[in-house]
Each structure stands twice: as C-alpha cells, then as structure tokens.
Amino acid sequence: MRWQAITPIGVGHRSVADVYAGLLIPGDSLLIPNIWAMCPDEADYPGPERFYPERWLRDGILNPDVRDPLNFAFGFGRRICPGLHFADAGLFIIFASVLHVVRIGPPVNDDGACIVPLKLDVEPRSLTARLQPFSCLITTSVGLSGEYGSSCFCRQ
Ligand code: HEM
C-alpha cells in the first residue's frame with residue numbers, strides 16, 4: 001500500500017465551506033488528493049524506493065511514529081473506503097499464503113545467473129494503477145518440510 005499507490009489521485013471531494021482546518025479553501029472547490037506523491041514522501045519514508053521493512057519498526061516493534069499508509073491509501077474523511085479493513089486483511093492473507101509455499105525471485109539467464117534488478121513497471125490507468133507483467137522465478141516447495149526443491153518455472 002505504501003510502495004505504489006493503487007489509486008494515485010484517490011477520488012475527488014468537494015469543499016462545502018470556505019475554511020477547513022484553518023485553511024482558506026473556497027467552498028465548492030474540487031479537491032483531488034495526490035496519494036501518488038504521499039507514498040514516496042522522503043519526509044515520512046526516507047529512501048522510499050528501498051525495500052526496507054525495518055522502516056516500520058522501533059526496538060523490534062511497530063513504530064507508531066511512522067506514517068501509516070492506510071491513513072491515505074484508501075482516501076479521506078467521511079467517504080474513506082469502507083473496504084479498507086477487508087482489503088488490508090485480504091491482501092495480507094493472500095501474500096502470506098503464497099509466500100508460505102513458494103519463493104519468488106528474479107529470473108535467471110541461460111547460465112543460471114540471476115537477472116537483477118528485477119524490473120517492475122507500474123502503469124497508471126484512470127483511477128487505478130497496476131503492475132505490468134514481469135519476468136520472475138517462482139520456486140515451488142516440495143512437501144511441507146520447509147525444504148525448497150528444484151522444480152522452478154519462469155513466468156513472463
Ligand atoms: C487495496 C484495495 C482498495 C483501495 C486502494 C481502495 C481505495 C479507495 C479509495 C481511495 C476510495 C475513495 C475514498 C474517498 O472518497 O476519499 C474508495 C472508495 C470506496 N471503496 Fe475502496 N479501495 C479498495 C478496496 C475496496 C474494497 C475491497 C471494497 C468493498 C468490499 C471497497 C469499496 C469502496 C466503496 C463502496 C467506496 C465508496 C465510498 C463512498 O464514496 O462513500 N474498496 N476506495
């Protein structure tokens with residue numbers, strides 16, 4: 001939810017009065033939230049492009065001072081996405097279930113060497129942005145012993 005905005009410009013809201021939170025915003029203005037710019041904000045997330053899960057932790061536990069992307073990725077105010085918790089929990093369950101049984105890594109060339117960095121492109125499309133198809137190597141586990149076998153396949 002933080003690395004790439006799914007809804008880069010959210011959904012427009014209309015101001016109903018001239019002042020909001022002490023700011024002069026003429027009534028009847030259309031407000032378009034720039035969620036796309038909030039995700040990689042250096043002030044909140046130093047080195048925003050870096051895969052760095054520890055950014056969320058302090059002394060090994062969740063750091064409440066790090067801005068929670070759920071507070072902007074799903075919109076704002078009274079019309080905030082009512083599917084927020086369903087989507088957040090659903091994504092966690094899907095990712096955890098997939099990563100429990102497979103490893104996903106960079107593809108390998110004919111010599112068996114990893115092709116890095118893994119190239120990922122996100123294409124904005126009207127209201128939503130989506131990941132473009134990419135090559136990767138998915139390694140399936142053999143049984144549930146925790147050992148990973150050699151049954152690999154590449155997906156384009
Ligand atoms: C990762 C997944 C999702 C994202 C990023 C997302 C994002 C958003 C955003 C940005 C808005 C506009 C909020 C605003 O006006 O400020 C919205 C509205 C809405 N979302 Fe989601 N959403 C997601 C999943 C879902 C799911 C799973 C459901 C239903 C099960 C859902 C139902 C709705 C509805 C009904 C609205 C309109 C709310 C209103 O205008 O009162 N969304 N969503």
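Leaving aside its neighbours within four places in sequence, which residues is isoleucine 9 in contact with? Let's start there. Isoleucine 9 is in contact with Ile32, Pro33, Asn34, Ile35 and Trp36, where contact means that the C-beta atoms, placed from the backbone, lie within 7 Å.

Before I go on, a word on what we're looking at. This is a predicted model, where local features need pLDDT of at least 70 and side-chain atom pairs count only at pLDDT 80 or more, while totals for chains, interfaces and linings use all residues. Residue numbers run from 1 along each chain as its sequence is written.

Okay, back to isoleucine 9. You'll find isoleucine 9 in the segment before β1. Isoleucine 9 counts as partly exposed, because it has 17 C-beta neighbours inside 10 Å. The cut-offs are these: buried is 20 or more other C-beta atoms within 10 Å of a residue's own, exposed is 12 or fewer, and partly exposed is in between, again with C-beta atoms placed from the backbone. Isoleucine 9 and alanine 37 are 28 residues apart in sequence, yet their C-alpha atoms are 9.1 Å apart in space.

Now take arginine 14, in strand β1, residues 13-14. Arginine 14 has 9 C-beta neighbours inside 10 Å, so it counts as exposed. Setting aside neighbours within four places in sequence, arginine 14 is in contact with Asp28 and Leu30.

Zooming out to the whole chain: there are 2 helices and 11 strands, taken as DSSP runs numbered from the N terminus, with helices being H or I of at least four residues and strands E of at least two. From the N terminus on, the order is β-β-β-β-α-β-β-α-β-β-β-β-β. Buried residues make up 6% of the 156 residues. Among contacts between residues at least 6 apart in sequence, 45% join residues at least 24 apart.

Next, the domains. The assignment gives domain 1 (1-81) and domain 2 (83-155), with bounds that come from an automatic or database domain assignment. Their centres, taken over C-alpha atoms, are separated by 26 Å. The contact takes 9 residues from domain 1 and 8 residues from domain 2. On the domain 1 side, those residues divide into 7 nonpolar, 2 polar and no charged. For the classes, Ala, Val, Leu, Ile, Met, Phe, Trp, Tyr, Cys and Pro count as nonpolar, Asp, Glu, Lys and Arg as charged, and the others, Gly among them, as polar.

So where does the ligand sit? It lies between domain 1 and domain 2, because both give residues to the shell around it. Of the 15 residues around the ligand, the nearest are Gly75, Arg79, Cys81, Gly83 and Ala87, a residue being near if its C-beta atom, placed from the backbone, lies within 6 Å. The shell divides into 10 nonpolar, 4 polar and 1 charged.

Let me pick out Cys81 from that group. UniProt, in an unreviewed entry, places a "binding site" feature at Cys81; such annotations may be inferred rather than shown by experiment, and feature names are shortened, with positions in the numbering used here. Cysteine 81 is in the loop between β6 (61-62) and α2 (84-101). Cysteine 81 is partly exposed, with 17 other C-beta atoms within 10 Å. Not counting residues up to four places away in sequence, cysteine 81 touches Phe74 and Gly75.

Last stop, α2. Of its 18 residues, the number buried is 0, so α2 lies largely in the open.

How values were computed: Contact = placed C-beta atoms within 7 Å.
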